[in-house]
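Hi,

Here is the structure I promised to pass on. Have a look at it first, and then read my notes below.

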2 protein chains.
Amino acid sequence: MTSTTAAPKRRRDRAAREREILEAAERIFGERGYQGTSMDDVAAQVGVSKPLIYQYYGSKDGLFLACLARLRGQLLDTVADAVMAAASAEDALYAGFLAWFRFLDEHPQAWSVLVDEGMLSAGPAAEATDEVRAAFIELIATMVRMNVPADRAADDDEIQIVAQSISGATERLAIWRTRSANPPPPEKVARTLQDLLWQGLHTFKTS
Amino acid sequence: MTSTTAAPKRRRDRAAREREILEAAERIFGERGYQGTSMDDVAAQVGVSKPLIYQYYGSKDGLFLACLARLRGQLLDTVADAVMAAASAEDALYAGFLAWFRFLDEHPQAWSVLVDEGMLSAGPAAEATDEVRAAFIELIATMVRMNVPADRAADDDEIQIVAQSISGATERLAIWRTRSANPPPPEKVARTLQDLLWQGLHTFKTS
DNA sequence: GGCTAGAACTTACTCCCAGTAAGTTACGTC
DNA sequence: GACGTAACTTACTGGGAGTAAGTTCTAGCC
């Protein structure tokens, strides 16, 4: 009786199924958060049984991390491109922020997943998460080094402090914007943030 | 057979029991995180049955929030005191940061609980969490207004952006420091952060 | 076409933990 | 001593993560 209309849900090869599962998971995690999503939900959405997902992704954390890694990769690429394309160091700062906030505006469900990473502060998943974040910090640190005048040899601690600060600031701003009724546009946020930081980076103390 | 040594675990009045439960919960949440802690664990630690905790705190989130609120209150008071005691606006910024990082050094398990708040991004607990955070943002916003020159009427969006940025930066720095093998001392972090932000706040763009 | 190997997939569980209903015991008060 | 109530417990339900063991489709060979 599955003859007439509905696609009979044939078997598919592993790669295709994995992709299908990943897309469903991204959507559902994005809508309901990590806690609010059960593996049965995802399985039902894909039209597949739960153990299959376990076979492919190992655990709920594994599935979530797969979503996370993909989205974070996209975001990182977007921001890195914008930074690299900028003409000056000052412009790179603004362009990076702008790309960040625009991406999150355009992929709201992606951001929900990314924010939920706090969920994984315990467990083996935390390491993988930190790796991806470290890539961001590194990008920011590179920008910071571009901004700090050459005659001033900032020590590594200071670079780290600044990079961590910027990472934290952009993350919280992103969260704030999604929760805000009518948040200021990406351009304004990027501009304000750049104004706040540029002077400090530029005229970094020479003690 | 409970006669000789062990205290027979008499009944206690509600207030005392609540305090006892809260202290145990803070410790265990701090050690194992939200996910890693079960209500049975807490109950066993206190030497009491699980339903009693439910009677007093309503839910696991409720218990966690009670820990959170208390710790956050302490932290907020500490920072606010330092800010208010400062002689100048510039000094207030540094003093506030310093108080923040010092408190977290001195109460490491407290910070584990505070960081885990990300855990509560879903559910009714999120609102209560946001309220406490809002108090911080408000404190920072006040400081920001102190720092922005009077002739420059910064609009509310800009104040918010700056306050959110600072809040995010300090939170991420705190997380980074706890995970770092040998993090720079509070004084250095506070100093660097102040250097980064002071110029930007001070010479805020006049467009 | 028929046969077979292995990949894709499912049924039917277990265990753990948040949360609860209903009952029991200690303690202050008259 | 008896009564009322607050402190507390036993013994459960429900739901979701994770799994053992089995079943069906399909590609590739003869």
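Let me start with helix H4 of chain B, which covers residues 60–85. This helix has 26 residues and reaches 38 Å from its first C-alpha to its last, close to the 38 Å expected at 1.5 Å a residue. The expected span is 1.5 Å times one less than the number of residues in the helix. Helices (H or I, at least four residues) and strands (E, at least two) are DSSP runs, numbered from the N terminus.

Before going further, a word on the source: this is a predicted model, where local features need pLDDT of at least 70 and side-chain atom pairs count only at pLDDT 80 or more, while totals for chains, interfaces and linings use all residues. Residues are numbered from 1 along each chain as its sequence is written, and chains are lettered from A and ligands numbered from 1 in the order in which they are written.

Back to H4(B). Its buried residues include B:Asp61, B:Leu63, B:Phe64, B:Leu65, B:Cys67 and B:Arg72. "Buried" is used when 20 or more other C-beta atoms lie within 10 Å of a residue's own, "exposed" when there are 12 or fewer, and "partly exposed" in between, with C-beta atoms placed from the backbone. B:Phe64, which lies in helix H4 of chain B, has 23 other C-beta atoms within 10 Å and is therefore buried. Leaving out residues up to four places away in sequence, B:Phe64 touches B:Phe29 and B:Tyr34. Contact here takes two C-beta atoms, placed from the backbone, within 7 Å. B:Gln35 is 29 residues from B:Phe64 in sequence, and their C-alpha atoms are 11 Å apart in space.

Next, a helix pair in chain B. Two packed helices are described by the angle between their axes and the distance between the axes. Helix H5 (residues 89–106) and helix H9 (residues 186–202) of chain B have axes that come within 9 Å and cross at roughly 145°. Those axes are lines fitted to C-alpha atoms, for helices over the stretch in contact, and the angles run from 0 to 180 degrees between N-to-C directions. The contact includes B:Leu93, B:Phe97, B:Leu98 and B:Phe101 from H5(B), and B:Pro186, B:Ala190, B:Leu193 and B:Trp198 from H9(B). By class, the residues of this contact are eleven nonpolar, one polar and five charged. For those classes, Ala, Val, Leu, Ile, Met, Phe, Trp, Tyr, Cys and Pro count as nonpolar, Asp, Glu, Lys and Arg as charged, and the others, Gly among them, as polar.

B:Leu98 is worth a click. It is found in helix H5 of chain B and is buried, with 20 other C-beta atoms within 10 Å. Apart from residues up to four places away in sequence, B:Leu98 touches B:Ala82, B:Pro186, B:Glu187 and B:Ala190. B:Leu98 and B:Pro186 are 88 residues apart in sequence, yet 5.9 Å apart from C-alpha to C-alpha.

Now over to chain A. It has nine helices and zero strands, and 39% of its 207 residues count as buried. Taking contacts in chain A between residues at least 6 apart in sequence, 66% join residues at least 24 apart. Helix H8 (residues 156–179) of chain A has 24 residues and reaches 35 Å from first C-alpha to last, close to the 34 Å expected at 1.5 Å a residue. Of those 24 residues, 17 are buried, so H8(A) is largely enclosed by the rest of the structure.

A:Gly168 sits in helix H8 of chain A and is buried, with 22 other C-beta atoms within 10 Å. Its contacts, neighbours within four places in sequence aside, are with B:Gly168, B:Ala169, B:Glu171, B:Arg172 and B:Leu173. A:Pro185 is in the loop between H8 and helix H9 (186–202) of chain A, and counts as partly exposed with 15 C-beta neighbours inside 10 Å.

Finally, the DNA. A residue is near a strand if its C-beta atom, placed from the backbone, lies within 6 Å of it. Of the 20 residues around DNA strand C, A:Arg11, A:Arg14, A:Ser49, B:Ser38 and B:Lys60 come nearest.

Cheers
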